[in-house]
Amino acid sequence: MTLVLASGSRIRGDLMRNAGLDFEVCPSDVDERAVEAPLLKSGATPEDLALILAEAKANDVSERRAGDLVIGADQVLAFNEQRFTKPDDMEAARRQLLSLSGKTHELISSVVISRDGAAIWRHSSIARLTMRDLSPAFIGHYLANAGDDILSSVGGYQLESLGVQLFKRIDGDYFTILGLPMLPLLDQLRALQVIES
């Protein structure tokens, strides 16, 4: 049995490697927007979206990896009944940051373990982040210095680097903010006897 990460996310891979896990990377082919479109029409909550997308990714890869344990993850940013996705370009990132400036939003990170095309464990964690009041000039300066890497982050920031300068308060787990709730995941991997307890 092999442990497989169904994500090409550099941060998720780094978190797992840093925790000493031995795993392979096999990104999912799931079209996230196609999966979430009917869910959004039906009024699914942000937590529902994150969990369903994480499960879809894990199941997609585990159907091709018989007997292996596949980890799928997804993250949703919820703010004032809106759902933010990764910005398409720097202008979209600028608009997102202006919207979030001085306000509190939630990051919902879900993780699922699947085997043979079916989920065997699911977990979601929520972090609440409050941005400080950001001037348009500061946002422009931030985007110029952070570069295109922020386009791979929901909300247009990366807390593990320059993005930390955007915030005045954070309530929640660091790993949840980075998109992979590591402590519950490690607990479950111990319960499944994948890693030593």
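View 1. Gln193 is exposed, with a relative accessible area of 71% (exposed means over 50% relative accessible area, buried under 20%, and partly exposed in between, with a 1.4 Å probe and protein chains only). Look for Gln193 in the segment after helix H7 (182–191); helices (H or I, at least four residues) and strands (E, at least two) are DSSP runs, numbered from the N terminus. Gln193 is a residue other than glycine, yet its phi is positive, near 60 degrees. Please keep in mind that this is a predicted model, in which local features need pLDDT of at least 70, side-chain atom pairs count only at pLDDT 80 or more, and totals for chains, interfaces and linings use all residues. Residues are numbered from 1 along each chain as its sequence is written, and side-chain values use heavy atoms, with hydrogens and water left out.

**View 2. Asp116 in the loop between S5 and S6.** Here is another positive phi, about 55 degrees, in Asp116, which is not a glycine. Asp116 counts as partly exposed, at 47% relative accessibility.

**View 3. Helix H4 and its buried side.** Which residues of helix H4 (residues 90–100) are buried? They are Ala92, Ala93, Gln96, Leu97 and Leu100. These residues sit on the same side of H4 because they cover an arc of only 135 degrees around the axis (the arc is that of the directions from the helix axis to the C-beta atoms). An α-helix has 3.6 residues a turn, so residues three or four places apart point the same way. Among the elements covering the buried residues of H4 are S3, S4, strand S5 (104–115), strand S6 (118–131) and helix H5 (136–146), where contact means heavy atoms within 4.5 Å.

**View 4. The two ends of H4.** At the start of H4, look for Asp89, which has a side-chain oxygen within 3.2 Å of the backbone nitrogen of Glu91. After H4 comes Gly102, with a positive phi near 75 degrees.

View 5. Phe138, Ile139, Tyr142, Leu143 and Ala146 are the buried residues of H5. They line one face of the helix, since they fall within an arc of 135 degrees seen down the axis of H5. H4 is among what covers these buried residues of H5. On the face turned away from the buried side, you will find the exposed residues Pro136, Ala137 and Ala144. Gly147 follows H5, and its phi is positive, near 75 degrees.

**View 6. Glu36 in helix H2.** Is Glu36 buried or exposed? Glu36 is buried, with a relative accessible area of 3%. Not counting residues up to four places away in sequence, Glu36 touches Leu49, Leu53 and Arg83.

**View 7. The largest pocket.** The volume of the largest pocket is about 740 Å³. On a 1 Å grid over the protein atoms alone, a pocket is an open set of points where a 1.4 Å probe fits, with protein on both sides within 12 Å along at least five of seven lines, and lining residues have an atom within 4 Å of a point. Grid points are joined across faces, edges and corners, and a volume is the space filled by probe spheres set on the points. The lining has 36 residues, with Ser9, Arg12, Lys86, Ser152 and Val154 nearest the centre of the pocket. S3 gives the most to this lining, with 5 residues.

Conventions
A polar contact is a pair of N or O atoms within 3.5 Å; within protein, one must be able to donate a hydrogen and the other to accept it, and residues adjacent in sequence count only if both atoms are side-chain atoms.
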